[in-house]
Amino acid sequence: MRNFTWGQAQTVMDAAAAASVTVADAMLSPPNTNGQAGASIVKAGGIDLLDLLKEKLLTADRITSLKELPGLDVITRTEDGGLRIGAAVTLANLARSPLVLRHYPALANATAHAASPQIRNVATLGGNLLQRPRCWYFRAAEYRCLRKGGGHCFAIHGENQYHAIFDNQLCAIVHPSTAATVLVALGAIVECADAMGAARRVRLEDFLVPPDEDVHRENSLRAQEILTAIELPALNPGTRMVHLKQGETDSFDWPLADVAIVFDLDAERRCKRAAVILGAAAPVPHRAKAAEAILLGRIIDEEAAKDAAHAALADATPLHKNGYKLPLFETLIRRAILRAAADLHA
Amino acid sequence: MAESEASRTATFAVGLASTGLDEVERQIPRDEPPPLPPNAELAVIGKSVPRQDAFAKVTGAALFTVDINLPGMLHGRILRSPLPHARLRALDLAAAARHPGVRAVLPVAQPGDSLRYFGVPVAGVAAVSAQAAEEALALIHAGFEALPFVVDLDKAREPDAPPVHDSTSAPPGNSSGFPAPAGLPLNGNVRGPALMQRGDVARGFAEAEVIVEGAYSTKVQTHCCLEPHAIVADWREDGLTVFMSTQFTAGVRHELAEAFGLPLARVRVIAGAIGGGFGSKSSLGNYGRIAVGLSRAAKAPVRIVLERQEEQMDAGNRPATWQSLRLGARKDGTLSAISLLSYGTAGVTLGAGVGGIAAALYTCPNFESAQYDVFINAAPGCAMRGPGNTPGAFGLEQAIDELAGRLALDPLALRDRIDPSPVRREERRIGAARIGWQRRHAPGAESGPVKRGLGVAQSLWPANVQTTAACEVRIMRNGSVEVLSSVQDIGTGTGTVMAQTVAEVLGLRAQDITVRIGDTDFPPGPPSYGSRATASITPPARVAAWRVLQTLFQEAAPFLGVAPEALIAHGGRILVANNPGRFMLFGDATARLHTGKISAAATRSDDYGGFRRRMPDAALALQDLGGVQFAAVAVDTETGIIRVERVVAVQDCGRPLNPKQIESQVHGGVLMGLSYALFEERLLDQHTGRMVNPDLEQYKLARPREVPDIEVVVLEEYRGQSATDAYGIAEPANIATAPAIANAVYNAIGVRLCALPMTPAAVLAALGKIPRRGELP
Amino acid sequence: MAEANTAVSEQNVPFAGAGTAETVQLMVTVNGVDRIFDAEPRTTLAEALRGTLGLTGTKIACDRGSCCACTVLRDGLPVCSCMMLAIEANGHSITTIEGLAAPTALHPVQTAFIEHDALQCGFCTPGLVMSCAALLEHNANPDQEAILDAISGHFCRCGTYPHVMTATLAAAAKMRGDDNG
């Protein structure tokens, strides 16, 4: 790892100014060792950043810490009854927050088992959303893959058992954030602030960038901008949510598949609103629109769950080693829908 | 049983303590102690005394090689080939050498050399800091010409596959015990066969009433030692001192003397605490040579610690195998013929056989095997916990399970018929009761998406003995006692069982014995591989302690007014055997010594009753080691997830010296086997030959939440074959786990998984649940 | 323990100050003692502990936060010291395996690890001890699930997990004062 200078931002504007370039852009130029001007970047928990630096996928001349910024590490109720989560809230604090546990249990669940307690004590929600993909070709300096500014995706015809089954024609990464699966399902808004003090609010689902829009980044964070908060809209009374994930192992592992379901049902158990989001399925959290359409207006029962799960996979395009994700997702979606419905009537 | 000047007759208790002991007479050397009574009669041996290095390890005080920091020590790094097969065209180290922090550079390969796998060392640098060494690596100019390569076992067997070796570069043979003898033919990348044959296999199959056939494959597993391979080499005018995380200090010392043309006496190898080995730290290794070369060039100590990525890519691995097994049997289960064909790959080296378990575990008059090594452009494999027999058992024990099914016999009843070992019969009986075998149902009989099943498999491992193993025991005038040997403790508890053995002889407590091991300045000890350390070092430890005690008796006897022969040592006292009221405290007896210390040494004598087979410096005991393991699994047929819920491991290792340590090691064997069964696979990218998961993140492993309820039962078996009658447990405890789980999975879902690892993808595929392309919903 | 021969802060230096062009001066409370030392910003906490401060009980096994062998406590919370910069410990309190208990005594978790043979090669052991001790600070009566969660990021190739579980349950019982723990 090349040495760098260190600073601590005291204001959000200073912090945004310190981010001269996004990590994604900084990684597009091959790392240099001969003294060329490198990036000035910002760091919160920095788990992913340190990993990128150690693997020489990223070099930085200056790193500015966000940990001194006031107000970035708190969780508050919003006026409309939603929740505002500072971007620097650690995953550990998020998972044990009474507010989150009471109102958004699926989010607590998604973060409570991410990585390890050691990581969760340091990693922040903002960093979790902005972390770069775990694709092993992307993570090895030897491969100058499409996402790093190279010519092609090595995974599409390579080792792709943990890769995408949707939207994988250009680049087959899956989005690495499990929290994002739930946050998209909940309709979360991300708030960014720039060096001039202006705030930008955008739906997380729109903030995340699929490959055909720009294969070099997973989100639309800009240079001289930092992520400051994630806001969750208020829920209708009786909204139920479930997050299910399945890793190859249950200890310290990335999910092979994860599913977030958010429902609003009417008195007859008829579905008024449904979000079915798949994680570890596509370069961004994948909204299973066909499944949502099937659920809408249906009474949620075994048959509806089965139909929705089946429909969710209809347009999947598995690669040669990840076809198993289809039955796996189908199972998780069906179980998650039924669990959410059961919760409702528990 | 003729006595001689050198030997005398002694009566040993033999058999299983749980079912009753028998007696046998054997000739033992006159200068060795009388038979050691069964554990029930002993004070220290057979007790779960704490590890002698436990305090140091739980407080962080234990010094591992990675913790050694000598004055003026440099940091070594290795430049590695970025291609799976290349010719080195240019190597220019000048710019690296000019880096202000660099003290030495060392070419490892020369222009023109073939570099046969991704990550093979090309050059080394030593610098004043790790950062400077890393910067210097980037300054090395190396030119590589890419050559055709093959990294897939099946593709490498094809006639037009790119050749990995030519006749001069191919390794000549592998004497490590996995069939790869010298002189076998090499055709393309395929070398062999190593043949084994007895009886008439054709007639055996002709006489068979039932024939089962199956093909089984296993993947490359990496050792994943927690402490990376590490060395600190200190080359000086008067000799070479090496600190190394190694499983064989005495062996590495010989390697160093030979490689660098030094007299053995000028080479010292020291291994302090060792963070695991599992077979991968058995020899000097390429990084070891580089560190010594750099130290010689820099005239300063050099430390090389492999980074995790290097560790996973080029520090050894368990070879991949494919085997085809054919069993012929009569309707009563009696085996009439076994035929085995295997192809395995240890990358650019040899030793990828499936061992001898198919030939040895069951009674079968007609047997043949042909085992081939296949070269691929991948890092060299090496021994790993039960090499050969671990993949071998994955095939054999599933084939036996399959045969039981075809014969409509209970798998245990079939084994009762064909397994000649009375020890394993008892192990099956105990294990069946503990796992609740009677509730085992027909394969796939459960309804519902999550199906449970029970399986069993057996383990076999030769009882290895290092016949050169030596040990010294010293008693100081102040009463302190030392036991010394170059044997190392890689985490198995070798030092502790040595202390127990010596303490038992001297009538002391284990913690009264100072264990000084892992240093070639002491008598040469055995390697810590092949499950042989305990069997090799505890007998000479007991003999040496007994000898030095005779000296103490001679000096103490006049003070107690009896002949030395009348004395015994017990409870911290030297006392008169038939008059225990007359005694001296151990410390009072040593205080009367004429000299500051008395000492005796011993070398491992031959097993009483002889060996089955002798090799240079080593031998095989008459009986094998083994065990029987039972697994209970739950398979979610909709997600493909296998959960191992319970394992019962019934094992034998001769006389158990420290039950708690044995239990620990069996846990390790079971968990490594479980991890091998369900998760582990080195993945090589087929297009670039690079390992894509060289880390502890994407290389999947069993961790805390994958741990089943493990019940360990260790038999107390006496053989009367050495001064301690103790043998190892590390490998026998690993061999049966994967096939026991595979058989349990078959019992659960009614479909047999013949390839490792048994991932969700494999389970869902076996159940026919993965749509083929083109038939998507 | 083992602090006597190294620089011990006499004055209160709350923030990084001096240093050189390449390094910064840090003040970290390590095992209860204020330590002032220079480090490059790129230096990880694990490297600083093992190198500059000579506290080699903390082990580096994967150097990527994937095995937890390097676990230390920052302000009482377990963290991977390989995935934290030393500079981020500035002004914080770090507890390493060397400082878990007084030099002459053992933490109940350490005692229980010895009694229950919850170690083999011992390389992952300091990290596991730190995680289990940290758990018992916050949870006096952990069930198996709580212990599994606390150690879920650890990797032990020797397979000590079952004995780590029994040892931690025993240590918890002892710390609570249960007689038959």
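Predicted model: local features only at pLDDT ≥ 70, side-chain atom pairs only at ≥ 80, totals over all residues.
Contact here means heavy atoms within 4.5 Å. The contact between chain B and chain C takes 50 residues from chain B and 46 residues from chain C.

**Chain C with chain A: area**

- About 2,200 Å² is buried between chain C and chain A, and 57% of this lies on carbon and sulfur atoms.
- On the chain C side, the most area is lost to chain A by Arg42(C), Arg64(C) and Met83(C), which together account for 29% of what that side buries.

- Five salt bridges cross the interface of chain C and chain A.
- A salt bridge joins the side chains of Glu88(C) and Lys43(A), with an N to O distance of 2.4 Å.
- Between chain C and chain A, 12 residue pairs are in polar contact, both residues being at pLDDT 80 or more.

**Chain B with chain C: area**

- Chain B and chain C together bury about 3,700 Å², with 60% of it on carbon and sulfur atoms.
- Val58(B), Leu226(B) and Arg705(B) are the chain B residues that lose the most area to chain C, together 20% of what that side buries.

- Seven salt bridges are found across the interface of chain B and chain C.
- Glu135(B) and Arg42(C) meet through their side chains in a salt bridge of 3.7 Å, N to O.
- Arg42(C) is also among the chain C residues that lose the most area to chain A.
- Polar contacts link 19 residue pairs across the interface of chain B and chain C, both residues at pLDDT 80 or more.

**Chain B with chain C: make-up of the chain B side**

- At least two residues of the side of chain B that touches chain C come from each of helix H1 (54-58), helix H3 (130-139), strand E12 (221-222) and helix H16 (659-678) of chain B.
- H16(B) gives the most to that side, with 10 residues.
- By class, the side of chain B that touches chain C comprises 23 nonpolar, 15 polar and 12 charged residues.

Note on methods
Residues numbered from 1 in each chain as written. Chains lettered and ligands numbered in written order. Heavy atoms only, no water. Buried area = accessible area lost by both parts, 1.4 Å probe. Salt bridge = Lys/Arg side-chain N within 4 Å of Asp/Glu carboxyl O. Polar contact = N/O pair within 3.5 Å; in protein donor to acceptor, adjacent residues only side chain to side chain. Helix = DSSP H or I, 4+ residues; strand = E, 2+ residues; numbered from the N terminus. Nonpolar A, V, L, I, M, F, W, Y, C, P; charged D, E, K, R; others polar.
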